[in-house]
Amino acid sequence: MTTNPKQQCLQELKHALQLRGDAWRIASLATVDAAQSPQVRSVVLREVDTDAAEILIYTDKRSQKVLELAQHPHCSLLLWCPVRQQQLRMACQARFLAFAASHWQSIFGTHAVHDYATQSPPGETLADAVTFDLAKAEQNFCVIAFAVVEIDRLWLSKEGHRRQRIRADEVKEICP
C-alpha cells in the first residue's frame with residue numbers, strides 16, 4: 001500500500017506510542033473555550049490510525065475539553081521530543097466516537113478505570129476527598145478522534161534547524 005507524506009509522519013508517531021516512556025505519547029491539546037480564550041492541557045495519545053490520519057485519546061466526557069471541542073472542533077495537538085529534538089504541531093478536526101466499547105474493554109479491569117469514576121466532574125472544586133463510583137465509569141468514558149489536517153514538523157539542530165509543512169499530498173520545506 002502506498003502511503004502519503006502525512007501517513008508516513010503518523011506512522012513514526014504510531015511506532016513511538018509502542019515505546020514505553022516515549023515523549024511523543026503525551027501531547028498538548030489546544031482548544032478554545034466559550035469565552036474564546038485559548039485552553040491548553042496535556043493528553044495521552046492512545047492510538048494512531050495512519051490510514052484514516054486520526055489520533056485517538058480517552059477522556060472523561062464531563063471534562064471542559066469535551067465541551068470546548070463540541071463547540072469548536074478545530075484544535076491543535078503539539079508534541080515535543082527532546083531525544084529526537086523534534087516538534088510536531090498538528091492542525092486537527094475533532095470528533096467523538098459513538099461506539100467506544102472496544103476502547104473501554106482495553107482499560108476495563110485496570111487502574112485507569114478510576115480516571116472516569118470520580119463523583120465530581122474534572123475541574124470541579126472539591127469540598128472533601130475525591131470519591132469514586134466505579135459503576136458510572138463507563139458512562140463517563142469518551143474517545144475523541146482527531147483527524148490530522150496538516151502537520152508542521154520542526155527539527156532542531158546545531159547544524160541548522162529544519163521545518164516542513166506536511167499535508168496528505170505534499171511536503172513543503174519552510175523557514176524554521
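In this predicted model, the charged end of Arg-162 is placed over the ring of Trp-155, at 4.4 Å from the ring centre.

Attention then turns to contacts between the rings themselves. A pair of aromatic rings is described by two quantities, the distance of the centres and the angle of the planes. The structure contains 5 aromatic pairs. One of them joins Trp-104 and Tyr-116, with 6.4 Å from centre to centre and 70° between the planes, an edge-to-face arrangement. Trp-104 belongs to helix α3, which spans residues 101-107, while Tyr-116 lies in the loop between α3 and α4 (137-140); the pair therefore ties together parts that are 12 residues apart in sequence. Both partners are set away from the surface by the accessibility criterion: Trp-104 has a relative accessible area of 3% and is buried, because the cut-off for burial is under 20%, and Tyr-116, with 4%, is likewise buried.

Tyr-116 also takes part in another pair, this time with Phe-141. Here the ring centres are 5.1 Å apart and the planes stand at 90°, so this pair too is edge-to-face. It links distant parts of the chain, since Tyr-116 is in the loop between α3 and α4 and Phe-141 is in strand β6 (residues 141-155), 25 residues apart. Phe-141 is itself buried, at 5% relative accessibility. Taken together with Tyr-58 and Phe-108, the residues Trp-104, Tyr-116 and Phe-141 make up one aromatic cluster.

Which residues does Ile-166 contact, leaving aside its neighbours within four places in sequence? The set consists of Pro-5, Lys-6, Cys-9, Glu-150, Ile-151, Arg-153 and Val-171. Among these partners, Glu-150, Ile-151 and Arg-153 fall within the span of strand β6, residues 141-155. By way of contrast, the C-alpha atoms of Ile-166 and Ala-35 are separated by 31 Å, and these two residues are 131 residues apart along the chain.

Definitions and conventions. Residues numbered from 1 in each chain as written. Predicted model: local features only at pLDDT ≥ 70, side-chain atom pairs only at ≥ 80, totals over all residues. Heavy atoms only, no water. Phe/Tyr/Trp six-rings, centres within 6.5 Å; stacked < 30°, edge-to-face > 60°. Helix = DSSP H or I, 4+ residues; strand = E, 2+ residues; numbered from the N terminus. Buried < 20%, exposed > 50% of the residue type's maximum accessible area, 1.4 Å probe, protein only. Lys NZ or Arg CZ within 6 Å of the ring centre and 35° of its normal. Contact = heavy atoms within 4.5 Å.
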